[in-house]
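The sequence and the model come first, and the description follows.

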Amino acid sequence: MKTLSPLSNDPAFALAFRTLQPPPAQPTSLLVLLHGVGGNESNLAALGAEVDSHTLVVLPRGPITLGPMAFGWFRVAFSSNGPQIVASEADASRRILIDFIGQLQQAHGIDAAHTVVAGFSQGGILSASVALTAPERVAAFAVLAGRILPELEPLLASADRLFALRGYIAHGTHDDKLPVSWAQRSDDWLTRLGVAHETKLHPTGHELDASMRADFLAWLARDEQRGSRFDPAN
């Protein structure tokens, strides 16, 4: 049975984080899982525990403290006009995560071609933000009950840099926090950008239910096979 490591505050890394234990002796791939607003790094541990045994699963803690064991990547208020974010915090977290993932890759000898970033809700937002602005850092990303920030548009990588990136969108059709229209917008946007992706809708609310977890894990396994097929080292 996998367990969570103690929280690491190693100054060599840009964020505090935990890993799933025991870690692979020689990890061949890296999965970074990002929690939602008001959550913490333990929230996606059960999902990470279902990933194959040669993947190093890292769960970072958001840099903004919102309460006891409650953290976020940026502050947000929900209004009749939709989510209103603190854009400077979202951008700071995006840049910190790009650095953090690079630090993990260097520390464990894992390259971007074998790295996936994924997250729930606000964590999914940051997953897309990292991948679409720094596609050289990761091979693929997943947005689970999240969205792609419209504020990201001026920072998007060029089409030739996004060409090899792969994405995954999962959303509940009854989501009352981030309506399913956000998933449809994300799907349309990725299509316009030429980013290969899959979109799956589930008859659920703003949650990561069993069907969404199973579909994500199936996508992750398929994506790893695709990545290995095109890996120049193979």
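In which loop does Pro22 lie? Pro22 is in the loop between strand 2 (17-21) and strand 3 (29-34). A cis peptide bond with omega of about -5° joins Gln21 and Pro22.

This is a predicted model, in which local features need pLDDT of at least 70 and side-chain atom pairs count only at pLDDT 80 or more, while totals for chains, interfaces and linings use all residues. Residues are numbered from 1 along each chain as its sequence is written, and side-chain values use heavy atoms, with hydrogens and water left out.

The protein chain has six helices and twelve strands; these are DSSP runs numbered from the N terminus, with helices (H or I) of at least four residues and strands (E) of at least two. Its radius of gyration is 16 Å, close to the 17 Å that the globule rule gives for 234 residues, so the chain is as compact as a globular protein of that length. The radius is taken over C-alpha atoms, and the rule is 2.2 Å times the number of residues to the power 0.38. The C-alpha trace spans about 50 × 40 × 35 Å along its principal axes.

Buried residues make up 53% of the 234 residues. Buried means under 20% relative accessible area, exposed over 50%, and partly exposed in between (1.4 Å probe, protein chains only).

UniProt, in an unreviewed entry, places the feature "domain: Phospholipase/carboxylesterase/thioesterase" at residues 22-212. Such annotations may be inferred rather than shown by experiment; positions are in the numbering used here and feature names are shortened. Over residues 22-212 the chain is 30% helix and 27% strand, and the end C-alpha atoms of that stretch are 25 Å apart.

Most residues other than glycine have a negative phi.

| Residue | Phi | Relative accessibility |
|---|---|---|
| Met69 | about 55° | 43%, partly exposed |
| Ala145 | near 60° | 0%, buried |

Met69 lies in the loop between strand 5 (64-67) and strand 6 (70-72), and Ala145 in the loop between strand 10 and helix 4 (159-162).

Arg137 is in the loop between helix 3 (122-133) and strand 10 (140-144). At 27% relative accessibility, Arg137 counts as partly exposed. Not counting residues up to four places away in sequence, Arg137 touches Ile98, Ile101, Gly102, Gln105, Ala112 and Thr115, where contact means heavy atoms within 4.5 Å. Arg137 and His174 are 37 residues apart in sequence and 33 Å apart in space, C-alpha to C-alpha.
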